[in-house]
Each structure stands twice: as C-alpha cells, then as structure tokens.
Amino acid sequence: DASLTVEGGSLTATGTGVGSGINFQFGSGGSGSGTPSLNVSDSTIVKASGDTGGITSNSSPVTPSGTGIVFNNGTGTVYGNVTLQENLTIESGQTLDIPSGASLTIDSGATLTNEGTVTTTGNGTLTNNGTINNSGTLTGTISGNAPPSITKLSLDGGTVGTAYTTTLAASGTGTITWSNSGDLPAGLTLDENTGVISGTPTADGTFNFTVKATNTGGSDSK
C-alpha cells in the first residue's frame with residue numbers, strides 16, 4: 001500500500017509524458033495490487049494535472065481524505081472545514097465544489113479568484129472574510145463579506161447620433177463602484193459611481209468590453 005500525506009501549504013504536480021501528475025504505481029507493469037491513499041490536513045491545497053490526468057493509480061481508485069482542497073486534473077473538491085490562508089485561482093475550465101459537510105472560509109487577507117466555476121452543493125458553505133474576485137460562475141450562498149453579483153446581463157442596442165443611456169445593476173452590500181476594460185462604443189462613457197452608460201454613439205458596429213462591479217467583499221466581472 002502507498003500513501004501520500006500533505007500537511008499544510010500546497011503541492012502542485014504537473015508535467016508531460018506518461019505518469020505525470022500524481023501516479024501511484026504498484027509493481028512494474030500496467031497492473032498491480034495495493035491501496036493508494038492521499039491524506040491532506042491543515043487546509044492543504046493539492047493540484048495534480050498532466051498528460052495522463054491528475055491523480056491516477058494502476059490499482060484501486062485514489063480517494064482523498066482529510067482537510068484540504070484537492071484538484072484532480074482541473075476538478076477541485078473541498079474536504080472538511082478548510083480555511084484559505086493563501087491566494088487561490090480557479091482557472092478557466094476548472095471547477096471547485098464545496099459539497100455537503102464541507103466548508104470553505106476565505107481568511108482575512110486572502111483572495112479567491114474564480115475564472116471557472118465554484119459551486120456549493122447540499123449544505124456546503126462558503127464564507128468570505130477576505131476577497132472574492134469573480135469572472136466565472138459562482139453559485140450558492142456566500143456568508144460574511146458578500147461580493148457583488150452583476151444582475152443586468154444584456155444591454156439594449158443604440159443608434160448613431162441618438163442619445164443613449166442604460167444603467168448597470170448588481171446585488172451586494174455596501175457601496176458598489178464600476179469600471180470597464182475593452183472598448184465601449186465610441187461616444188459612450190461609464191459612470192463609476194452610478195453604473196450608468198450614457199452618451200451619443202458616433203459609430204456603428206459591435207463592441208466587446210468587460211464591466212466590473214466592486215465592493216469591500218470583492219468583485220464580479222461580466
């Protein structure tokens with residue numbers, strides 16, 4: 001039997017070629033006999049990815065246990081009651097699930113950046129005492145310092161030479177400020193305090209830009 005124990009901090013295993021990631025190999029061939037285990041404690045973060053995929057074994061399946069966050073080739077799961085004490089990014093295409101019986105608390109001074117998908121299922125809980133910057137999909141109830149959530153997801157079209165105005169909207173507590181990156185239509189501006197996009201368009205076309213709503217709990221970008 002083989003076991004890997006990670007106590008606190010973080011472990012990243014990646015690479016190219018056969019056996020990249022975390023690979024429990026029993027015997028010298030393609031099959032073997034043994035029980036592999038991955039044990040985490042003290043809010044450990046383990047990220048395993050590679051050509052052959054995340055955490056693998058040529059014997060029985062590997063089931064992580066303990067207290068920490070384990071990413072198996074882009075699929076992350078929270079085990080136990082975890083306090084995030086260092087910054088963590090959920091990259092585009094990655095997921096993080098907080099299942100029933102588990103909790104994730106973002107400590108003061110720590111930032112969770114979500115560019116993929118973060119989901120709480122069942123009675124899993126997410127508490128934010130630090131910062132959540134979200135540009136992906138975030139579902140479930142957030143306790144503590146709730147970041148804003150942009151609720152206006154579409155904008156009406158405008159007409160060249162005709163005055164235009166629309167107001168962005170977001171849920172969240174406290175003061176929300178707005179910013180944008182990319183190209184607003186020529187002639188239009190965004191008011192950072194009110195979320196109003198207004199002006200008179202001077203050119204036609206399709207314009208792609210990102211708006212961000214920010215409060216003390218973090219931000220949401222769409």
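Buried residues account for 37% of the 222 residues in the protein chain. The model is predicted. In secondary structure, the protein chain has 25 strands and 0 helices. Its radius of gyration is 22 Å, well over the 17 Å that the globule rule gives for 222 residues, so the protein chain is more spread out than a compact globule.

**Overall dimensions and contacts**

- The C-alpha trace of the protein chain spans about 75 × 35 × 25 Å along its principal axes.
- Of the contacts in the protein chain between residues at least 6 apart in sequence, 51% join residues at least 24 apart.

- β14, which covers residues 125–128, pairs with β17 in the parallel sense over 3 bridges.
- At residue level, N128 has G144 in β17 as its bridge partner.

**Antiparallel sheet of 3 strands**

- Another open sheet has 3 strands in the order β19-β23-β22, with antiparallel pairing.
- β19 (164–167) and β22 (188–190) are the edge strands of this sheet, and each pairs on one side only.
- β19 and β23 (residues 196–199) run antiparallel and are joined by 4 bridges.
- Within this strand pair, T167 stands opposite V196 in β23.

**Aromatic rings and charge**

- How many aromatic pairs does the structure hold? The number is 0.
- A ring does take part in a charge contact: the charged end of K47 sits over the ring of F71.
- The distance from the charged end of K47 to the centre of the F71 ring is 5.3 Å.

Terms used: Residues numbered from 1 in each chain as written. Predicted model: local features only at pLDDT ≥ 70, side-chain atom pairs only at ≥ 80, totals over all residues. Heavy atoms only, no water. Phe/Tyr/Trp six-rings, centres within 6.5 Å; stacked < 30°, edge-to-face > 60°. Lys NZ or Arg CZ within 6 Å of the ring centre and 35° of its normal. Pairing = 2+ DSSP bridges. Helix = DSSP H or I, 4+ residues; strand = E, 2+ residues; numbered from the N terminus. Rg over C-alpha atoms; globule rule 2.2 N^0.38 Å. Buried < 20%, exposed > 50% of the residue type's maximum accessible area, 1.4 Å probe, protein only. Contact = heavy atoms within 4.5 Å.
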